[in-house]
Amino acid sequence: MKVRFLILILFMGSQMFGQLADDGDFPEKYRSLFIGFGPRTLNTIPGTIKTVYTDESPSMDHLETQIEILDKYKKWGFQAGYKWGRYKGLSHSILFDIAMGKNKGGIFTYSLGYNYPVKISTKALIVRAALFGGFGNFGFDIGQLENNAGYIEINGNKYYDRQLDVSLSSQVFIYGPELDLMFELSDHFEVFASFIYDIASKNSRPKINFVTTEKEDQETATIDLGGDNPIVTYNGKELTSLPYEISGLRLTFGVSYVWNYY
């Protein structure tokens, strides 16, 4: 199914390149900064994650938490990035895509594509078909580790906060097809719609994260899972990867600031 979708996107892009005939009087090259927003979905497998952890301080601060995982989490995503290339020809982009709200996650990708410009009255529409690849990091908030004495100690580091926020996260490789429609508003501004189909690997390298809550510059401590402390189980079994799947359509609408080169 995923391979068919990839072929379909590339076929549609090639058909549009063949049908659009009026290049108009376009600059040769461009570069742009862009931001966008769109809906995001984290697909999950319902179940129970139980986490047990004891820190290294003399008071042995103890965390024992249990959370229920739903079958899906819907949220909004924020995207920011940089594009450059030819108005008719090869183009490139790099972007960060952050899913906001509870159970946050992020993606970093690079894409290689082909642009084809279309003159619409005095404006221009740029159609871009591309392939992208990158990696992401997603997870679940699981509670707080309370400071029962003078400090919390993790990996030999001491934290004097009253509590640390605790989450689980893991990494995932991601790739797929991308179709962008960019409409010129002026010499320096354009709006765009981006249709991306994510194809993701199974997530790996799960870890538990501890984040300070009482400082402007947050500090983070991490511990890989798989040992005796912490002990993390999912539906009663040792957790080796987190129960989420990010494959699927990612839709974004946004605006770009453009520099042109003739």
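How many salt bridges does the count come to by the rule used here? The count comes to 8 salt bridges, where a salt bridge is a side-chain nitrogen of Lys or Arg within 4 Å of a carboxyl oxygen of Asp or Glu. Before meeting some of them, let us look at the whole chain.

## The model as a whole

This is a predicted model, in which local features need pLDDT of at least 70 and side-chain atom pairs count only at pLDDT 80 or more, while totals for chains, interfaces and linings use all residues. Residues are numbered from 1 along each chain as its sequence is written, and side-chain values use heavy atoms, with hydrogens and water left out.

The pLDDT value is the predictor's confidence in each residue, from 0 to 100. The protein averages 86, and 89% of the residues score at least 70. Residues 13-21 stay under 50, and for them the model has 11 contacts beyond four places in sequence; a contact means heavy atoms within 4.5 Å. Where pLDDT is low, the predicted coordinates should not be read in detail.

Helices (H or I, at least four residues) and strands (E, at least two) are DSSP runs, numbered from the N terminus. Among contacts between residues at least 6 apart in sequence, 71% join residues at least 24 apart.

The protein exposes about 13,700 Å², with carbon and sulfur atoms supplying 58% of that area. Accessible areas come from the Shrake-Rupley method with a 1.4 Å probe, and for residues only the protein chains shown count as cover. Of the 262 residues, 46% count as buried. Buried means under 20% relative accessible area, exposed means over 50%, and partly exposed lies in between (1.4 Å probe, protein chains only).

## Charged pairs

Side chains of opposite charge can pair when their charged atoms come close.

| Salt bridge | Distance, N to O |
|---|---|
| Glu64 and Lys50 | 3.7 Å |
| Asp180 and Lys83 | 3.9 Å |
| Arg250 and Asp97 | 3.2 Å |

The side chains of Glu64 and Lys50 meet in a salt bridge. This pair links distant parts of the chain, with Glu64 in strand β3 and Lys50 in strand β2, 14 residues apart. Lys50 counts as partly exposed because its relative accessible area is 33%.

A salt bridge also pairs Asp180 with Lys83. Asp180 sits in strand β10 (residues 163-184) and Lys83 in strand β4, 97 residues apart. Both Asp180 and Lys83 are buried.

Arg250 and Asp97 form another salt bridge. Arg250 counts as buried because its relative accessible area is 3%, and Asp97 is buried with a value of 3%. Salt bridges that share partners join Arg40, Asp97, Asp198 and Arg250 into one network.

## Nonpolar cores

In soluble globular proteins, nonpolar side chains tend to be buried together. A nonpolar core is a set of buried Ala, Val, Leu, Ile, Met, Phe, Trp, Tyr and Cys residues joined through side-chain atoms within 4.5 Å. Which residues have the most contacts inside the largest nonpolar core? They are Phe140, Ile154, Leu168, Phe210 and Ile246, in a core of 34 residues. Leaving aside neighbours within four places in sequence, Phe140 is in contact with residues including Leu42, Ile67, Tyr73, Leu168 and Tyr244. A second, separate core of 8 residues includes Phe34, Tyr87, Ile126 and Phe192.

## At the surface, and a buried loop residue

Ile35, Leu185, Phe189, Val191, Val255 and Tyr257 make a nonpolar surface patch of about 460 Å². Patches are made of residues with over 30% relative accessible area and no salt bridge: like charges are joined within 9 Å, nonpolar side chains (Val, Leu, Ile, Met, Phe, Trp, Tyr) within 5 Å. Strands β11 (189-200) and β17 (248-261) each supply at least two residues of this patch. Tyr257 belongs to strand β17 and counts as partly exposed because its relative accessibility is 31%.

Trp76 lies in strand β4 (residues 72-86). Trp76 is exposed, with a relative accessible area of 56%. Its C-alpha atom is separated by 5.8 Å from that of Gly38, 38 residues apart along the chain. Beyond four places in sequence, the contacts of Trp76 include Gly38, Arg40 and Met100.

Is Ser57 buried or exposed? Ser57 is buried because its relative accessible area is 3%. Ser57 lies in the loop between β2 (47-54) and β3 (62-69), and beyond its neighbours within four places in sequence, Ser57 is in contact with Tyr151 and Glu153.
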